[in-house]
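Opening my notebook on this one. I wanted to look up a few things and jot them down as I went.

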Amino acid sequence: MVPSFLSLRLSCLGLWASGLILVLGFLKLIRLLLRRQRLAKAMGNFPGPPTHWLFGHALEIQQTGGLDKVVSWAHQFPYAHPLWFGQFIGFLNIYEPDYAKAVYSRGDPKAPDVYDFFLQWIGRGLLVLEGPKWFQHRKLLTPGFHYDVLKPYVALFAESARVMLDKWEEKAQEGKSFDIFCDVGHMALNTLMKCTFGRGDTGLGHRDSSYYLAVSDLTLLMQQRLVSFHYHNDFIYWLTPHGRRFLRACQVAHDHTDQVIKERKAALQDEKVRKKIQNRRHLDFLDILLGARDEDDSKLSDADLRAEVDTFMFEGHDTTTSGISWFLYCMALYPEHQHRCREEVREILGDQDSFQWDDLGKMTYLTMCIKESFRLYPPVPQVYRQLSKPVTFVDGRSLPAGSLISMHIYALHRNSAVWPDPEVFDPLRFSTENASKRHPFAFMPFSAGPRNCIGQQFAMSEMKVVTAMCLLRFEFSLDPSRLPIKMLQLVLRSKNGIHLHLKPLGPGSGK
């Protein structure tokens, strides 16, 4: 009697639970349909490519190579067009300077439909914050990227680059092409370990290597989640193998950051260690964060510290890896520009053993080539915002508050209305004279406006030091059988790596 009574109670509970799930699911569906209707209505004045009934544009982008597909759509639909990931997330995809200015000259927040996926990993750091807290963090972090802080980093950039170049010297002896992307990634992470955490020059330890692999995994999983609409729901995603893998990688990244912060805080309790840190020839990013105070003497909480460190590590190493790798690909593809850059840096280095901070400002042609490689291969090809207030564009069309914007930097940089012969590699586009005539929002490798990349001077300084040293040590050429296939994975990567032939230039070339 009792078991049958329990069985009946359990059946009733099961029915109630099933009914509740159905009701909640139905309410969620209604909310999504109303949101889709609102987004579609907002973009009603913007024609665009046809959508799949279920996947929107996501399936076509995945199947056809999304970056160049959007460039072809940009020719068909000037200024902007709707872009749907699934049926419920729709952006106005823009790639024209005046449209970019209308949005990016303001301080609109990042689009939560995309950047909320980052929260489990990097927390609420500068990348995703908005409002007064974003302003407070930006103000506290800005001193960490002052020229006086960056100057001593030149030697740290060179140390990490030298380790990578010595490794390449051995690989080059085999006479075969090899993928440079992974080695550049390890070098960039090694550099950040020094500049962020004060790591020594002994290379990456086991824990640091695990962190590197975790970050690589996280960027891949994030991009997969963004274009897979069935992964947009947190509850569903955490139940999938990809979701569980994401959480494991997050734990590795968080454990690494927490341990480093804990060790530094403990070290600062020792007066001798504290004085030693204060007397070092450079402060690392963590020193600056731990010492940051606003006018009310408020400092960053432990959660804020981890968020900003994880944000800097994510933004600082993956983007630099992409930028350096695609630049070297461009040098291999255009040997005449490679030769001219090499001659310039040889002349600047002269009899010195290494580059100094003041040398970076003299690298005129190298800088133009870096910028042209950024134009053709922007490290972050696409960024997203949500309008906090209505916007009216230059052609009179408008969008209401709450609308989502996709800034397609890759398509903007190949917009033939802005860049004559956009597929041609021409560094002189960035001569002082030519750059002064161009729209200020035509070139956005570091975004633009008040929410531009806070670390762009850090990134450019590292790019110059590392690429100059690469060109002094090696001549780069293509492997025609293994040309890179562009792939958007948060940053611009290659599906099959970036394989180049490297020819050592002799012991005197690298100083």
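**A buried aspartate**

I started with D304, which is buried at a relative accessible area of 11% (buried means under 20% relative accessible area, exposed over 50%, partly exposed in between, with a 1.4 Å probe and protein chains only). Before going on, I noted that this is a predicted model, where local features need pLDDT of at least 70, side-chain atom pairs count only at pLDDT 80 or more, and totals for chains, interfaces and linings use all residues. Residues are numbered from 1 along each chain as its sequence is written, and side-chain values use heavy atoms, with hydrogens and water left out.

D304 sits in helix α16; helices (H or I, at least four residues) and strands (E, at least two) are DSSP runs, numbered from the N terminus. Setting aside neighbours within four places in sequence, I found D304 in contact with K133 and H137, contact meaning heavy atoms within 4.5 Å.

**The core**

Next I looked up the largest nonpolar core, which has 155 residues. Such a core is a set of buried Ala, Val, Leu, Ile, Met, Phe, Trp, Tyr and Cys residues joined through side-chain atoms within 4.5 Å. Helix α16 (residues 302-333) gives the largest share of this core, 13 residues. W121, W168, L399 and F476 have the most contacts inside the core. I followed W121: beyond its neighbours within four places in sequence, its contacts include V215, L218, F246, C250, D310 and F314.

How many disulfides does the structure hold? I counted zero, taking a disulfide as a pair of cysteine sulfur atoms within 2.5 Å. C341 is in no disulfide, and its nearest cysteine sulfur, that of C369, is 3.5 Å away. C341 is buried with a relative accessible area of 0%, and C369 is likewise buried at 0%.

**The sheet**

Last, I traced an open, mixed sheet of four strands in the order β1-β2-β7-β4, where strands pair if DSSP finds at least two bridges between them. β1 (80-85) and β4 (382-386) are at the edges with a single partner strand each, so one side of each has no neighbour in the sheet. The twist averages 30° from one strand to the next; axes are lines fitted to C-alpha atoms, for helices over the stretch in contact, and angles run from 0 to 180 degrees between N-to-C directions.

β2 (residues 89-94) and β7 (residues 404-408) pair in the parallel sense over three bridges, and I94 has M407 as its bridge partner in β7. Helix α3 (residues 66-76) packs on the sheet, touching β1, β2 and β7, with its direction at about 145° to that of β1. Helix α4 (residues 97-104) lies across β1, β2, β4 and β7, at about 50° to β4.
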